Amino acid sequence: MVTTTIPVAEGSAASEDAITIELKQPWLAALLAWAVPGLGHIYQGRTGKGLLFFVCVLGTFLYGLYLGGGKVVYAAVPWEQQYRWQYWCQLGVGLTSTPMLVQRQRMVEEKPLLWNGLMAPPRNEPVHSEDYSGNLSTQPNELAKWTVELHPYFELGTVYTVIAGLLNVLVICDAAGGPLIISHGSDKKKDKKENPPS
Amino acid sequence: MTPISLLATMFPGLIPLLAVVSLWYAVPIVVSVSLVCAATRHEQLGPILHHALRFGIWIVVFMAVVMGVLTLMESLA
């Protein structure tokens, strides 16, 4: 069991204002926090924060997925012209985003896709597209079709899911090491004045 | 033709206002980012909400300043 002590009152370094947090098995908590946002905190008994992280991070990710029509979370494939770096950030959300790796593997091996193509990468073949006015066009590949049909929601959904993944990195750090306390320079000076080095 | 594009055709002066409408998509993400960042710096609900409110306001002011600078640059171009 690892414990950490943080000042409860902002800017106060007094020991009577401090609270002690028990960080049960930090590495396991970090792994759980990656798998399901907030689960690491719930495992450590920090239920309130766990639920807050669960709602905020997963809510952001799922809203982004909804905005992007379920197309914005997919892993990079070898034939893509532009490398899909965003998926590294999206993987931060954990198990919710891992179907994209399964779908990528199945597409590379030319096996049928699962879950009705959810989180599958775009196919590299010409596809037909129809806009809101009923005009038909041929797009060079499926990614171009998604970008045209969903614009600007494709970009919005990508941003939402990327930010959700990056936020979960902060959550993982919090599960492993406790809250990040930033000590201000003025506090350090104050401490030195009150407790001069002997 | 979608209602928004019809409105933009009828009232071209409203186009900048319609562009601002997309800023509403920033609200959920500002709330989420400020809450999560604040919660990684405190352990109790009170300080978390206080920090989140200040951080959220900071983000909105930052976005407004960037928007102001971009608008100024556009008007000067």
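This is a predicted model: local features need pLDDT of at least 70, side-chain atom pairs count only at pLDDT 80 or more; totals for chains, interfaces and linings use all residues.

Residues are numbered from 1 along each chain as its sequence is written, while chains are lettered from A and ligands numbered from 1 in the order in which they are written.

**Stop one: chain A.** Select chain A and colour it by secondary structure: you will find eight helices and four strands. Helices (H or I, at least four residues) and strands (E, at least two) are DSSP runs, numbered from the N terminus. Along the sequence they follow the order β-β-α-α-α-α-α-β-β-α-α-α.

Select residues 127-130 and 136-139 of chain A, which are strands E3 and E4, paired in the antiparallel sense over four bridges. Strands pair if DSSP finds at least two bridges between them. Look for A:His128, whose bridge partner in E4(A) is A:Thr138. Five residues lie between the two strands of this hairpin, and there A:Gly134 takes a positive phi near 90°.

**Stop three: the contact with chain B.** Now show both chains: 26 residues from chain A and 17 residues from chain B take part in the contact. Residues are in contact if their C-beta atoms, placed from the backbone, lie within 7 Å. On the side of chain A that touches chain B, strand E2 (18-23), helix H3 (47-67) and helix H7 (153-177) each supply at least two residues. Finish on H3(A), which gives the most to that side, with nine residues.

Key: Two residues are in contact if their C-beta atoms, placed from the backbone, lie within 7 Å.
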